[in-house]
Amino acid sequence: MSTEKRELDLDPAGLAVRREVLGATHVDASLERADDVTGEFQEMITRYAWGGIWTRPGLDRRMRSAITLTALVAHGHLDELELHLRAARRNGLTREEIVEVLLQSAVYCGVPAANSAFARAKKVLAEDAPTD
């Protein structure tokens with residue numbers, strides 16, 4: 001089974017926000033890996049998640065990050081949680097605020113989910129500063 005590179009049709013506003021929130025290094029690597037299997041998915045998340053939701057004026061990026069962390073804890077998406085913990089720091093959430101989000105998540109999402117999330121947060125927060 002072979003996969004081929006394909007030209008991506010990316011929403012410019014979504015791409016800009018995605019790079020700002022997740023870091024250009026991560027986004028560019030994801031896009032570089034896009035092929036005929038994953039390319040449409042990259043287009044979709046850039047258009048709908050980043051261009052359609054993250055660009056809306058109703059919530060600031062700090063609030064969007066807090067909500068995203070909670071959703072990722074609730075569903076046990078730990079790899080994505082690590083990515084969005086870094087994004088939350090980039091969006092201005094403090095270490096203390098992240099801890100509070102995870103404590104809140106423990107009550108509403110479950111202690112085992114929060115326990116796993118705290119393990120990932122400890123790793124990410126040890127990095128100290130947001131990275132690109």
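In which helix is Ile53 found? Ile53 is found in helix 3, where helices (H or I, at least four residues) are DSSP runs numbered from the N terminus, as are strands (E, at least two). This is a predicted model, in which local features need pLDDT of at least 70, side-chain atom pairs count only at pLDDT 80 or more, and totals for chains, interfaces and linings use all residues. Residues are numbered from 1 along each chain as its sequence is written, and side-chain values use heavy atoms, with hydrogens and water left out.

**Packing of helix 1 and helix 3**

- Two packed helices are described by the angle between their axes and the distance between the axes.
- Helix 1 (residues 12–22) packs with helix 3 (residues 39–53) at an angle of about 80°, and their axes are 8 Å apart. Axes are lines fitted to C-alpha atoms, for helices over the stretch in contact, and angles run from 0 to 180 degrees between N-to-C directions.
- Helix 1 and helix 3 are therefore roughly perpendicular to each other. Angles of 65 to 115 degrees count as roughly perpendicular, under 35 as roughly parallel, over 145 as roughly antiparallel, and the rest as oblique.
- Helix 1 contributes Gly14, Leu15, Val17, Arg18, Val21 and Leu22 to the contact, and helix 3 contributes Gln42, Ile45, Thr46, Trp50 and Gly51. Contact means heavy atoms within 4.5 Å.
- The residues of this contact of helix 1 with helix 3 comprise six nonpolar, four polar and one charged. In this scheme Ala, Val, Leu, Ile, Met, Phe, Trp, Tyr, Cys and Pro count as nonpolar, Asp, Glu, Lys and Arg as charged, and the others, Gly among them, as polar.

**Packing of helix 6 and helix 7**

- Helix 6 (residues 95–109) and helix 7 (residues 111–126) pack at an angle of about 165°, with 8 Å between their axes.
- That angle makes helix 6 roughly antiparallel to helix 7.
- The crossing of helix 6 past helix 7 is right-handed. A crossing is right-handed if the near helix is turned clockwise from the far one by less than a right angle, and left-handed if anticlockwise.
- On helix 6, the contact is made by Arg95, Ile98, Val99, Leu102, Leu103, Ala106 and Cys109; on helix 7, by Val111, Ala113, Ala114, Ala117, Phe118, Ala121, Leu125 and Ala126.
- The residues of the contact of helix 6 with helix 7 divide into 14 nonpolar, no polar and one charged.

**Salt bridges**

- The whole structure contains nine salt bridges, each being a side-chain nitrogen of Lys or Arg within 4 Å of a carboxyl oxygen of Asp or Glu.
- One of them joins the side chains of Glu97 and Arg62 (2.6 Å, N to O). Glu97 lies in helix 6 and Arg62 in helix 4 (residues 61–75), so the pair ties together parts that are 35 residues apart in sequence.
- Glu97 is partly exposed at 30% relative accessibility, and Arg62 is partly exposed at 31%. Partly exposed lies between buried, under 20% relative accessible area, and exposed, over 50% (1.4 Å probe, protein chains only).
- Arg120 forms a salt bridge with Glu82, with the closest N and O atoms 3.0 Å apart. This pair links distant parts of the chain, Arg120 in helix 7 and Glu82 in helix 5 (residues 78–90), 38 residues apart.
- Arg120 is partly exposed, with a relative accessible area of 21%, whereas Glu82 counts as buried at 10%.
- Glu82 also meets Lys123 in a salt bridge (3.1 Å, N to O). Lys123 lies in helix 7 and Glu82 in helix 5, 41 residues apart.
- Lys123 counts as partly exposed at 48% relative accessibility.
- Through shared partners, salt bridges join Asp79, Glu82, Arg86, Arg120, Lys123 and Glu127 into one network.

**Individual residues**

- Thr46 lies in helix 3 and counts as buried at 0% relative accessibility. Leaving aside neighbours within four places in sequence, Thr46 is in contact with Leu10, Asp11, Gly14, Leu15, Arg18 and Gly51.
- Ile53 is partly exposed, with a relative accessible area of 44%. Leaving aside neighbours within four places in sequence, Ile53 is in contact with Tyr48 and Arg64.
- Ile53 and Arg64 are 11 residues apart in sequence and 9.2 Å apart in space, C-alpha to C-alpha.
- Asp60 is found in the loop between helix 3 and helix 4 and is partly exposed, with a relative accessible area of 46%. The C-alpha atoms of Asp60 and Asn91 are separated by 9.1 Å, and the two residues are 31 residues apart along the chain.
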